[in-house]
Amino acid sequence: MRPLVEPPPTLRCMCGGELRLKLIEPADRSFGKQREIFVCTNCGREQTLLADRNPYVAFDSRRVST
């Protein structure tokens, strides 16, 4: 059985709740960036992060995790 571990501090809200991935959308295609939106499980606050898109994974806007 896999041991349970706490999420890293970067995936924590200011209230102490866990941030869960809500949506991934392209931000700037010329630089390969994507916008990742996380939602706190405790207070519901949304946090947006800008990240590099993995060039080896195809992006399909119809299959975005919620």
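Leu23 stands opposite Ile37 in strand S2. Here strands (E, at least two residues) are DSSP runs, numbered from the N terminus. Strand S2 covers residues 33-40 and is joined to S1 by 8 bridges, the two running antiparallel. Two strands count as paired if DSSP finds at least two bridges between them.

This is a predicted model, in which local features need pLDDT of at least 70 and side-chain atom pairs count only at pLDDT 80 or more, while totals for chains, interfaces and linings use all residues. Residues are numbered from 1 along each chain as its sequence is written, and side-chain values use heavy atoms, with hydrogens and water left out.

The pair S1 and S2 belongs to an open sheet of 3 strands, ordered S1-S2-S3, with antiparallel pairing. Strands S1 (19-28) and S3 (46-52) are at the edges; each has a single partner strand, so one side of each is left without a neighbour in the sheet. On average, neighbouring strands of this sheet are turned by 25 degrees against each other, direction ignored; the axes are lines fitted to C-alpha atoms, and angles run from 0 to 180 degrees between N-to-C directions.

The chain's secondary structure comes to 0 helices (H or I, at least four residues) and 3 strands. From the N terminus on, the elements run β-β-β.

Of the 66 residues of the chain, 14% count as buried, meaning under 20% relative accessible area with a 1.4 Å probe, protein chains only. The chain exposes about 5,600 Å², of which carbon and sulfur atoms supply 53%; accessible areas come from the Shrake-Rupley method with a 1.4 Å probe. Among contacts (heavy atoms within 4.5 Å) between residues at least 6 apart in sequence, 24% join residues at least 24 apart.

Conventions
Buried means under 20% relative accessible area, exposed over 50%, partly exposed in between (1.4 Å probe, protein chains only).
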